[in-house]
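Let's take a walk through this protein together, one stretch at a time. Have the model open beside you as you read.

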Amino acid sequence: MQKNAAKKDPENSRSSRSREEREDRENSKDRENSKDSKDRMHGKDPVDRMEKKPAEAGAAGPGPAKREKDAGADRRGGPLTGRIALVAGATRGAGRALAVELGRAGATVYVTGRTTREHTSEVGRTTETIEQTAELVTAAGGTGVAVPTDHLDQDRVRALVERVDREQGRLDILVNDLWGGEHLLAGSVFGKKSWETPLADGLRILELGVRSHVITAALALPLLVRGRAPLLVEVTDGTAVFNRRYRENLYYDLAKSAPIRIAFGLGEELAEYGGTAVAVTPGYLRSEQMLGHFGVTEETWRDAIARDPHFAVAESPSYLGRAVAALAADPDRAARWNGRSTSSGELAKVYGVTDVDGSRPDAMAYFEDVVFGGKPGSADDYR
């Protein structure tokens, strides 16, 4: 960050002046200014495309997403009202909760995934769809927009970004929660050496957990940096400290360590735009899949503790969603978090967030201190 801040070349000077000017303008001028900034960065004469868009939209009126966004803003005045977010991988689990909580804070949230009401991804779960997620976002007070997207398909991701640009003119928050590899773990990964893992399964894990993140960041960041104070959230499993230990299998280790490095590296690149890139992890997550694995529900989840005592420190997906929404609303987030790796538990302490039951679990600290560190204590001590 210091290195980037110290640059004095004309390109960076123009970017800095442009950011300061945009911060003083009303949101209605964001599109014009952000396009000018983008053109200057690429050495082009600024071309104000946005003057054409109102004329085009005027004939037919604003599109459905714009009408829904305005309605959501009218009925809710949350800290993220007027902000535009994209949650990539929002079908279920942490991704769904992240989308819902950003919506609860007032944002318009584009939610993507591969499972829809007409199509089921390789995960094989028909009970959660991106349409449901979008409806939950809207019900929470934001505006949810479902866009079926396979983030390994560059053309689909490019079309997604173009749609956000066309309908909103900017992107403020990008959440990379892409995964969908749980079905490969039990049979092909855990308990196996890397050479015992079928190569096709191992490479698929890297595609789902790494390549999808890189593709999405590469294609969405040009739109993200056109806004002010852009935020990129990389969701993974484990903090940088926790993942210093081997994560049982080479493919899984790489897939869950790479997003941490992505956030670190892109934090360096986003610093000159006043941006923030941060890697976040939930603790022991009570996702739909995990509850199904134990044969419990969100209401009866404590029944699973008899099978796994560590599950006593488990948290709902909403916990991470609430924590990240608080981070997104923090005007000082760049100074606090840029390039860092953090957890739901740490964010909750910083922002005063609690889980749905009023507790504040810190699974990362529990595993670090008690399970691996040998310190006396129980899961209940870390709630």
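This is a predicted model: local features need pLDDT of at least 70, side-chain atom pairs count only at pLDDT 80 or more; totals for chains, interfaces and linings use all residues.

Is Ala229 buried, partly exposed or exposed? Ala229 is partly exposed, with a relative accessible area of 30%; buried means under 20% relative accessible area, exposed means over 50%, and partly exposed is in between (1.4 Å probe, protein chains only). You will find Ala229 in the loop between α10 and β5.

Residues are numbered from 1 along each chain as its sequence is written, and side-chain values use heavy atoms, with hydrogens and water left out.

Now for the overall picture. The protein chain has 16 helices and 7 strands; helices (H or I, at least four residues) and strands (E, at least two) are DSSP runs, numbered from the N terminus. Of the 383 residues in the chain, 53% are buried. Contact here means heavy atoms within 4.5 Å, and among contacts between residues at least 6 apart in sequence, 71% join residues at least 24 apart.

Let's turn to a pair of helices. Helix α8 (residues 154-168) packs against helix α10 (residues 199-224) at an angle of about 30°, and their axes are 10 Å apart. That angle makes α8 roughly parallel to α10, a label for angles under 35 degrees. The axes are lines fitted to C-alpha atoms, for helices over the stretch in contact, and angles run from 0 to 180 degrees between N-to-C directions. Which residues of α8 meet α10? They are Gln154, Val157, Arg158, Val161, Val164 and Asp165, and their partners in α10 are Arg211, Ile215, Thr216, Leu219, Ala220 and Leu223.

Next comes α13 (residues 317-328), where 9 of the 12 residues are buried. Among them are Tyr319, Leu320, Val324 and Leu327. What covers the buried residues of α13? The cover includes α6 (93-104), the strands β4 (173-176), β5 (231-235) and β6 (276-281), and the helices α14 (333-337) and α15 (344-351).

Because 11 of its 12 residues are buried, α6 is largely enclosed by the rest of the structure. The buried residues of α6 include Arg96 and Glu101, along with Leu98, Val100 and Leu102. Just after α6, Gly106 takes a positive phi of about 110°.

Glu248, in the loop between β5 and α11 (250-270), has a positive phi of about 75° although it is not a glycine. Glu248 is exposed, with a relative accessible area of 52%. Ala271 sits in the loop between α11 and β6, and at 18% relative accessibility Ala271 counts as buried. Ala271 and Ala334 are 63 residues apart in sequence, yet 7.9 Å apart in space, C-alpha to C-alpha.

Methods:
Angles under 35 degrees count as roughly parallel, over 145 as roughly antiparallel, 65 to 115 as roughly perpendicular and the rest as oblique.
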